[in-house]
Amino acid sequence: MTKRNKIISFENIERILSKYRKQKKIIVQCHGVFDLLHIGHLKHFETAKKNGDILIVSITADKYIDKGFNRPFFKNQDRLEGLSSIANVDFVVLNHSKNAVNIINKIKPNIYCKGPDYKDQKKDITGEIKNELSAVRKNGGKVLITNDKTYSSSSILNEVSTTFNSEQKKFINKSKKEINFSKIENEVKKIHDLRVLVIGETIIDKYVFCDALGKSGKEPHLVLRNLYEETYLGGVIAIARNISSFCKKVKVISCLGKDKNLNLIKSKLSKNIFFNYLFKSNSPTIIKKRYIEAVSKNKVLGVYTLNDELINLKEEGKFKKMILNEIKNYDVVIVSDYGHGLITNNIAKLLCKHSKFLALNAQANAANIGYHTIQKYKNVDCVVMNEQELRHELRNKNEKIEILEKKLAKIINIKNLIVTRGSKGAFLYNSKNKNLFYSPAFATKVVDKVAAGDTMLSIISLLIKLKFNNLLSLFLGSLAGAISVEELSNKVPLNKVRLFKYMQHIIK
């Protein structure tokens with residue numbers, strides 16, 4: 001059989017395998033990514049074929065692979081062709097699903113073959129292996145766990161490929177010494193029990209995708225043709241959605257305008273996010289509209305719809321009451337202050353006084369720069385900001401970041417200050433122990449930086465609350481931020497399984 005004939009489609013599986021079933025042939029299935037074929041895979045396929053007559057290998061499609069940045073190294077067609085070259089493999093098929101359940105139900109293997117690293121299902125952070133094995137048994141098949149020596153494609157690629165630069169490799173090797181997966185799993189379970197309160201402005205991000213037609217024929221301005229729009233939930237709603245896969249209960253206290261956006265917001269909240277809000281008078285729900293060139297995804301123009309005046313005294317009183325009714329019941333309070341008039345000086349003082357653990361992002365943006373300051377907060381447990389915000393806050397253009405972090409931490413009494421620097425990585429300063437930690441940046445494909453800071457704050461605040469190792473907290477926070485910039489705005493919330501799979505494969 002030729003290489004080309006070995007590659008079959010999902011739709012043709014039953015037809016092709018039916019003749020072998022009639023001949024009472026034993027059909028064996030192996031499933032995986034098989035990104036970099038190595039001797040471990042060849043031994044695995046050899047063992048699988050010895051236990052049956054027909055070996056079919058199914059592989060996960062590119063879009064469903066969560067093994068870190070720049071993975072898979074080899075794309076769908078390359079992996080299919082590589083596997084079809086192996087003598088022991090009879091058929092290869094691409095699986096368009098995140099797990100193997102659908103493809104197992106389609107193939108209905110007599111034997112489903114997995115390597116010895118799948119023997120302990122407790123190590124499966126996805127929780128999918130048990131579903132796959134259940135599907136095999138429901139279809140009358142048996143599961144075979146081989147004893148072949150295992151090798152790691154991720155480990156080999158991390159070592160020999162250009163996925164990571166020398167700085168990243170040095171950091172990863174240092175982190176390996178600190179990482180104990182069983183300990184990390186226990187800490188993740190603790191995160192689940194944290195009660196988190198998120199406070200700040202709700203923002204709706206509208207992205208208008210356009211075709212740039214060119215300069216106007218009569219006036220000196222750019223002309224765009226509107227193609228389509230996408231709407232994402234930003235601000236504190238995005239933070240709550242990021243946290244929702246980690247924690248069993250998240251509460252949001254925010255503000256809206258008296259418009260038709262409430263139903264949109266509620267429709268995109270998971271069941272464990274509880275939303276409370278006040279209506280800000282004479283204000284719309286904040287909408288940040290960005291015009292995007294559809295092909296390059298470059299931003300051309302931003303248009304904001306907002307009223308950034310302070311809430312009035314009556315609304316301030318109501319908002320304070322809403323906070324005081326809830327704040328004592330929550331382990332972590334995350335405040336994202338976008339400087340659009342919701343969090344007054346009095347409310348900031350209240351938050352600092354009553355929070356058991358206060359995490360903060362006081363963002364400088366086009367609408368508030370020059371007026372907004374983080375210094376209305378005191379005694380904060382965790383702050384995430386970028387280098388530009390730090391320099392603006394201290395009116396200091398030239399001093400080293402390490403020095404400025406210590407200065408600001410002392411002024412406000414910040415216990416843990418994280419400063420992000422884009423492609424230059426991030427620093428975490430622990431003022432109690434006077435320790436400074438550094439993580440390089442891991443993003444390899446930057447589509448949109450809008451959500452990076454909030455995404456980082458979402459996870460790193462929870463880890464610091466649990467007194468997680470500072471270096472690993474920064475590592476995971478940096479990975480979370482890097483994952484977020486691969487998508488437009490807050491289109492896809494942070495996912496616990498994806499984050500920890502990225503880390504797991506990066507440190508192999």
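Isoleucine 13 sits in helix H2, residues 13–22. Helices here are DSSP runs of H or I with at least four residues, strands are runs of E with at least two, and both are numbered from the N terminus. Before I go on, this is a predicted model, where local features need pLDDT of at least 70, side-chain atom pairs count only at pLDDT 80 or more, and totals for chains, interfaces and linings use all residues. Residues are numbered from 1 along each chain as its sequence is written, and side-chain values use heavy atoms, with hydrogens and water left out.

Back to isoleucine 13. Is isoleucine 13 buried or exposed? Isoleucine 13 counts as buried because its relative accessible area is 0%. Buried means under 20% relative accessible area, exposed means over 50%, and partly exposed is in between, with a 1.4 Å probe and protein chains only. Not counting residues up to four places away in sequence, isoleucine 13 touches Ile8, Val93, Ile103, Lys106 and Ile107. Contact means heavy atoms within 4.5 Å. Isoleucine 111 is 98 residues away along the chain from isoleucine 13, and their C-alpha atoms are separated by 16 Å.

Next, the cores. A nonpolar core is a set of buried Ala, Val, Leu, Ile, Met, Phe, Trp, Tyr and Cys residues joined through side-chain atoms within 4.5 Å. The largest one has 65 residues, and Phe475 and Leu499 touch the most other members. Helix H17, residues 470–484, gives the most to this core, with nine residues. What does leucine 499 contact, leaving aside its neighbours within four places in sequence? The list is Phe246, Ile459, Leu476, Leu479, Ala480, Ile483 and Leu494. There is also a second, separate core of 40 residues, and it includes Ile199, Ile327, Leu358 and Val380.

Strand S3 has seven of its seven residues buried, so it is largely enclosed by the rest of the structure. Both faces are covered: on one side Ile54, Ile56, Ser58 and Thr60 are buried, and on the other Leu55, Val57 and Ile59 are. S3 pairs with S2 in the parallel sense, over six bridges. Two strands pair if DSSP finds at least two bridges between them. One example is histidine 31, whose bridge partner in S3 is serine 58.

Helix H14, residues 387–394, is mostly covered, with six of its eight residues buried. Those are Glu387, Glu389, Leu390, Arg391, Glu393 and Leu394. The cover over them includes strand S15 (358–362), strand S16 (380–386), helix H15 (401–412) and strand S17 (414–420).

On to charges. How many salt bridges does a search of the whole structure find? The search finds 20. A salt bridge is a side-chain nitrogen of Lys or Arg within 4 Å of a carboxyl oxygen of Asp or Glu.

Aspartate 35 and arginine 71 are both buried.

The next pair is arginine 225 and aspartate 211, at 2.7 Å from N to O. Arginine 225 is partly exposed because its relative accessibility is 43%. Aspartate 211, at 25%, is partly exposed as well.

The last pair is lysine 299 and aspartate 448, at 2.6 Å from N to O. Here the linked parts are 149 residues apart, with lysine 299 in strand S13 and aspartate 448 in the loop between strand S19 (435–439) and helix H16 (452–465). Why does lysine 299 count as partly exposed? Its relative accessibility is 41%. Aspartate 448, with a relative accessible area of 2%, is buried.

Beyond pairs, Asp66, Lys98, Glu486 and Arg498 are linked in a network of salt bridges.

That is all I have.
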